[in-house]
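Reader: I'm new to this one. Can you walk me through it?

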Amino acid sequence: MGWPVMHSRSPLMHNYWFEQEGLAGAYVPLAIEPENLAAALHALRPLGFAGCNLTIPHKLDAMTIVDEVDEVAERIGAISCVVVRRDGTLFGTNNDWFGFIHNLRQEQPEWRADAGPVAVMGAGGGSRAVCYGLMQEGAEEIRLVNRTHSRAVAIAEEFGGPISVLPWEARHDALDDAALAVNATSQGMVGEPALDLRLDQLPPSALAADIIYTPLETPFLAAARERGNRTVNGLGMLLHQGLPAWKMWFGIEPVVTAELRDRMERSIAGQ
Ligand SMILES: NC(=O)c1ccc[n+]([C@@H]2O[C@H](COP(=O)([O-])OP(=O)(O)OC[C@H]3O[C@@H](n4cnc5c(N)ncnc54)[C@H](OP(=O)(O)O)[C@@H]3O)[C@@H](O)[C@H]2O)c1
């Protein structure tokens, strides 16, 4: 469910898994106007849905509509996945953090969250999931930088632990010594300008990750690749957040195959 939602690549991915798993069913985009979100969520059960994913602008509003929100969604502050339970009640969780971490693990198997400082640009919903995931994985130092300083401070205060906030003007210095740099802003997305970030202080051994997947290679990733850094794009985050959803909806653990990545990449490239 989203508004708008027809641009979503999620149906391609989930319907691939229906085919792979030999399960009769379908994943459909539901364009739901914000004022109809409660009615739409409550209609899931009578319509026979196992659940749904939520995207912009519903991730926050759903928190007060579902019957139970788990601790992960509470901490991240948004619901990405709703499950219709056997008794008909609605359960909300957030799988974006899982998607970010498991994509890094699949793409860069030697990656470790505690390998060194992590610089995270952005403090929106995506960044909250990234920070949560990095902390779950044992990151020891997260340097959080956001254009609007107060949003980054709010995350640091809520999450505590290894997060330190740097002013936006210091974003270039945040890369010094970093083992991982993450773009979790919307900058570099189709229709948006590139993230204004100089990479000269990023060590050659550092990994650069973006959570954006349209385009597949953002200017940030292209610049990192050109100077020899390893890069990971945001497509895998989308793919991997689907796995726990399937486990909860159907008790099935599908696989992010090379064929699935290829289909998604071709769909995005052909837009
Ligand atoms: N791969 C995935 O599965 C996945 C999951 C979630 C999100 N995403 C993608 O991640 C991106 C961010 O999503 P979101 O949900 O986190 O969005 P969001 O909550 O709206 O946050 C947007 C972030 O971008 C920053 N920003 C916006 N304009 C900027 C500018 N001109 N200069 C510097 N920073 C700017 C914002 O800073 P301020 O706080 O200063 O406004 C904020 O930190 C989107 O492209 C989204 O599609 C991908």
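Author: One term to begin with. A polar contact is a pair of N or O atoms within 3.5 Å; within protein, one must be able to donate a hydrogen and the other to accept it, and residues adjacent in sequence count only if both atoms are side-chain atoms. The model is predicted: local features need pLDDT of at least 70, side-chain atom pairs count only at pLDDT 80 or more, and totals for chains, interfaces and linings use all residues. Residues are numbered from 1 along each chain as its sequence is written, and side-chain values use heavy atoms, with hydrogens and water left out.

Reader: Which backbone has a polar atom 3.0 Å from a nitrogen atom of the ligand?

Author: That of Gly234. The ligand alone exposes 930 Å², and the protein buries 77% of that (Shrake-Rupley method, 1.4 Å probe; for residues, only the protein chains shown count as cover).

Reader: Which side chains have an N or O atom by an oxygen atom of the ligand?

Author: Asn146 has one 2.6 Å from a ligand oxygen. For Arg147, the distance to a ligand oxygen is 2.8 Å.

Reader: Take Arg128, in helix α5. Buried or exposed?

Author: Arg128 counts as buried because its relative accessibility is 15%. The cut-offs: buried is under 20% relative accessible area, exposed over 50%, partly exposed in between (1.4 Å probe, protein chains only).

Reader: What is Arg128 in contact with?

Author: Leaving aside neighbours within four places in sequence, Arg128 touches Arg75, Ile76, Ile155, Glu158 and Phe159. Contact means heavy atoms within 4.5 Å.

Reader: New topic. Where is Trp17?

Author: In helix α1, residues 10-21. Trp17 counts as buried because its relative accessibility is 1%. Beyond four places in sequence, its contacts include Leu239, Trp246 and Pro254.

Reader: How far is Trp17 from Gly234?

Author: Their C-alpha atoms are separated by 20 Å, and the two are 217 residues apart along the chain.

Reader: How many disulfides?

Author: Zero, counting pairs of cysteine sulfur atoms within 2.5 Å.

Reader: What about α7? Which residues are buried there?

Author: Phe220, Leu221, Ala222 and Ala224, in a helix that spans residues 219-226. Their cover includes β8 (180-183), β9 (207-210) and β10 (230-232). Just after α7, Gly228 takes a positive phi of about 100°.

Reader: Last one. Where does Asn94 lie?

Author: In the loop between β4 (90-93) and α4 (96-107). Asn94 is buried, with a relative accessible area of 2%. A polar atom of its side chain lies 2.9 Å from the backbone nitrogen of Asp96.

Key
Helices (H or I, at least four residues) and strands (E, at least two) are DSSP runs, numbered from the N terminus.
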